[in-house]
2 protein chains.
Amino acid sequence: MTAAPAPSASSFGARLESVLATSGGLCVGIDPHPWLLDEWGLPTSASGVRELGLRAVEATAGSAGIVKPQVAFFERWGSAGFAALEDVLAAARDAGLLVVGDAKRGDVGSTMDGYAEAWFSPDSPLRVDALTVSPYLGFGSLRGTVDRARRAGAGVFVLAATSNPEARAGQTARVAGADGTSRTLAAGIVDQVRDDDQAAGETRLGSVGVVLGATVDLGSYGVDTASLTGVPVLAPGFGHQGARVSDLVSIYGPAAHNVLVSTSRGVLSAGPDGMASAVRDAAEEVRACLA
Amino acid sequence: MTAAPAPSASSFGARLESVLATSGGLCVGIDPHPWLLDEWGLPTSASGVRELGLRAVEATAGSAGIVKPQVAFFERWGSAGFAALEDVLAAARDAGLLVVGDAKRGDVGSTMDGYAEAWFSPDSPLRVDALTVSPYLGFGSLRGTVDRARRAGAGVFVLAATSNPEARAGQTARVAGADGTSRTLAAGIVDQVRDDDQAAGETRLGSVGVVLGATVDLGSYGVDTASLTGVPVLAPGFGHQGARVSDLVSIYGPAAHNVLVSTSRGVLSAGPDGMASAVRDAAEEVRACLA
């Protein structure tokens, strides 16, 4: 294990804290499903996903501070889809938005370095402020990725308890500890992420966060919201999937102010003409719940 | 849960069975690490990974039947890297090789459909014979991906017990069953994969397989090799990571004939001039162990 890199004045955690304070917690998911392209009158193609992505960035800028493009819907179109994603990422950076790449990458250490360089290198057209990553190969497999992110002033969100019901059995599996105790897989991820932020000296808001679905009964997953102090939480599950923004504080307790409230079809389904207004309303709703 | 699609005469499982019988189990991993590009005298760029990939395909054709490009090292270069990967995939198809895309994708169902279409659609430049996928969101989250793969005559390899030591704690976590018993996360994946192949009527070799690292003590992960009948096994961990091909039968027991023996730096480090001969030797070594 290498020494933790020194925290940077422009760390992801610090920048996220500033965005949360000024623009609030709304995170606009850019998920160009084929049926949304249809609804928007756009072609089901790389050019369609580029157009939807660019318009979603425009509709978000000024009303919310964070966007989260879903990489799968760009990857669908191969290299042309990635070129479209690069244009969307550039537009989001130019608009001053914080960008979370939702890619859920996860592999062994030396291979993860390839992904980390793709998403964090200053010279990469895919560079983002933070990336979602998957811990099936162990939190330790993400060591190099976390360090590379911190060095680049970027962040990662590690999947812990996801919003889909089929995930429950595995994410609540019991991991044995050295001292004879055990904890759930999800709680183990949360603990390791928090410890990593603290070891990096990030005492306010960390650069490494977790994904905790808003539809999840966190207590029954073994996750204590009191343990989330200083840990950014990316939260899918609001809207279509069933969770209500008005329950933000009751779901996340003391961590509610660290939460990125992800919404996608709730604003995208307003269409190209209605989206800016839908984003404004959704951003205001999140701010009002935390006022 | 939708009805299982009927098995196809040209299912991935049937094609894999034929390749294993004629060319043997060697699977050449195309992992263009930056240091390998240096060793090969190639630029550290999209053009370098394209060139290494194309030469690796040439060096494999005729001596082995399966290649496995590691997507991370192409993604490193953004859309240009994916364009390079598309060229390598096309060359591998033209050479008659079976192609496993090593991408380890994993997301919720409707998002996984985007990945499934990227890697399995007949019109996609990224189309492969099989894709590695990650089950952190539950085997159920892969339902649509498995069905799409089967319909396309493609396959998936689901991560179960990976070859890296940091994965052990999570992959041996105990998942509670409805009947009060429990099994490890890794064993649960193996059981669900085997059941899925059987439900699809694939009685010889299935189209859905598992990743089981050759460095793993499978018994201590709760995985019984007798349960692997008819399940293809993608096996990293040979060579540099420490497992020996001569131990193939002792590691995988009755499943040894279903194993894709993955090797990457073992043959790539022979360089552009030595690789064809290294692949020939490695393929022969695998065949000899099963003779």
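In which sense do β1(A) and strand β2 (residues 66-69) of chain A pair, and over how many bridges? The two strands pair in the parallel sense, over four bridges. The model is predicted.

**Strand β1 of chain A: pairing**
- Cys27(A) has Ser262(A) as its bridge partner in β10(A).

**Strand β1 of chain A: burial**
- In a regular strand, side chains alternate between the two faces of the sheet.
- Both faces of β1(A) are covered.
- Leu26(A), Val28(A) and Ile30(A) are buried on one side, and Cys27(A) and Gly29(A) are buried on the other.
- Because five of the five residues of β1(A) (residues 26-30) are buried, the strand is largely enclosed by the rest of the structure.

**Contact between chains A and B**
- Chain B gives 42 residues to the contact, and chain A gives 42 residues.
- On the side of chain B that touches chain A, at least two residues come from each of α4 (72-75), α5 (78-94), α6 (109-120), α8 (168-171) and β6 (174-176) of chain B.
- α6(B) supplies the largest share of that side, with seven residues.
- Sorted by class, the side of chain B that touches chain A holds 18 nonpolar, 16 polar and eight charged residues.

Note on methods:
Residues numbered from 1 in each chain as written. Chains lettered and ligands numbered in written order. Predicted model: local features only at pLDDT ≥ 70, side-chain atom pairs only at ≥ 80, totals over all residues. Contact = placed C-beta atoms within 7 Å. Nonpolar A, V, L, I, M, F, W, Y, C, P; charged D, E, K, R; others polar. Buried ≥ 20, exposed ≤ 12 C-beta atoms within 10 Å, placed from the backbone. Pairing = 2+ DSSP bridges.
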